[in-house]
Amino acid sequence: MDYLKQLEQEIRKCVKCGACRAYCPVFSVSGREPVSARGKVALARAALSEEIELDARTRSDMSKCLLCGRCVEKCANEVPTDLIVLAAREALARKRGKTLFHRMVGFLLRNRTLLTSGANLASLVSPLLFRKVPATSGLRLRFPLPFVGGQRHVPKIAARPFQSRHPEIILGKPGKPRVVFFVGCMTNYIYPEIGEAAVALLTSLGCTIIIPRNQQCCGFPALSGGDMETFRELAEKNIAAFEGHAADYVMTACASCGGAFHRMYPHVLGERFPELAERFEAFAHKLVDATELLQDLGFKPGGSEERGAVELTYHDPCHLLSRGIVRQPRELLQAMSGVRLVAMKDADACCGLGGTFTIHHYGMSRGINARKTEAIRASGAGMVATGCPGCMLQLSDGLHQAGVRARVLHTLEVLARSLVKEKTGRYEGHS
């Protein structure tokens, strides 16, 4: 419990006021005190004082957290509940062993070549396992599979990962910024259209784009399961990948990856692996979300001259919201011709994915997502934009389950449609 012990003073900041319960998505569908932020902090304190065992029930309660950070944002005493939960999960993994699912995740993430081969194989055999869902771009399992079930609406696995489609360096115009693009697993293997949109947008601005071949998963999936060893290994490789290229910016187009870099790398590495944290800190100021970067570089969306042709609403991913990236995507989308941005009720409410949370607690995940689905339906929009591939997967699943025909796209995909095709000749996104 070394890491949990290091957070003891943070744990003692909790005054048990319970204000966090009003903002916890899991508590909103469960109503059980142990799964609230206050409850989890109390469990961590009790574990440190050896009042409770790190047993199966404690593991179950600690697993019921989306790591959305809403409780941290709203806590008057700034109790870092997300970091406390991660520390407790590591302590549980050390005492009880990692779950089968997280052992598999860690193995694949440490062996990226095998992960890529597995994704390629899955793409080939998907017609045997999945059937096309009419009127959508997704698939439905023909029969239940472990960790996936049989109800979930899932996207196609890309026939070719995004990184295999491009050279490591795409040269831009002299004097224009050099941008390292951290792709992320979901963009690489499931939503390559996001990567293509990013390349098209940056190319239109004359940027040199660097896509490091040796970049890895950000490590968030491993960390969420208490696998600190895998997280450290992936973080070290990513830091080395960034250090290997001189760049003006390091850009993410995935809210979760960006959240890992902005919160988990400084705090978790800082507490456990200070030498890695120091190396990361040397370029941390260069890290930006794609919408931040586009605004900084003066990107001006174009598009059809017919205003109001498409009604679009926007969902705030938790790990953009916690970093204050709310205004930028909306301003970029509002500037597009042919698009009318309509407000969604509770646009900043969590969609319920939570990375591996949805694997272990799909029923609760769907319960949280149902409210988001209803908000999208009520907005009347035919298209939903968001800045996280994970949210895209979750929102698409919820809309399909409810029979709502709104399409879900990444913000970059929407913006890339505004480009004059002749200007870049590169972008080919969803039809």
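**Exercise 1. Work out which handedness the crossing of H4 and H7 has, and whether the two helices are parallel or oblique.**

Step 1. The crossing of H4 and H7 is left-handed, meaning that the near helix is turned anticlockwise from the far one by less than a right angle (clockwise would be right-handed). Helices here are DSSP runs (H or I) of at least four residues, numbered from the N terminus.

Step 2. Now the geometry. The axes of H4 (residues 37–48) and H7 cross at roughly 45 degrees and come within 10 Å. Axes are lines fitted to C-alpha atoms over the stretch in contact, and angles run from 0 to 180 degrees between N-to-C directions.

Step 3. H4 and H7 are therefore oblique to each other. The cut-offs are: under 35 degrees roughly parallel, over 145 roughly antiparallel, 65 to 115 roughly perpendicular, and the rest oblique.

Step 4. Who touches whom? Ala 37, Lys 40, Val 41 and Ala 44 of H4 make the contact with Thr 81, Ile 84 and Val 85 of H7, where contact means heavy atoms within 4.5 Å.

A quick note on the model: it is predicted, so local features need pLDDT of at least 70 and side-chain atom pairs count only at pLDDT 80 or more, while totals for chains, interfaces and linings use all residues. Residues are numbered from 1 along each chain as its sequence is written, and side-chain values use heavy atoms, leaving out hydrogens and water.

**Exercise 2. Describe how H5 packs on H7.**

Step 1. H5 (residues 56–63) and H7 (residues 81–96) pack at an angle of about 145 degrees, and their axes are 10 Å apart.

Step 2. H5 passes H7 in a left-handed crossing.

Step 3. On the H5 side you'll find Ala 56, Thr 58, Arg 59, Met 62 and Ser 63; they meet H7 residues including Val 85, Ala 88 and Leu 92.

**Exercise 3. Decide whether Asn 238 is buried or exposed, and find what Asn 238 touches.**

Step 1. Find Asn 238 in helix H13 (residues 228–243).

Step 2. With a relative accessible area of 0%, Asn 238 is buried. Buried means under 20%, exposed over 50%, and partly exposed in between (1.4 Å probe, protein chains only).

Step 3. Skip residues up to four places away in sequence, and Asn 238 touches Phe 182, Gln 215, Gln 216, Cys 217, Cys 218 and Tyr 265.
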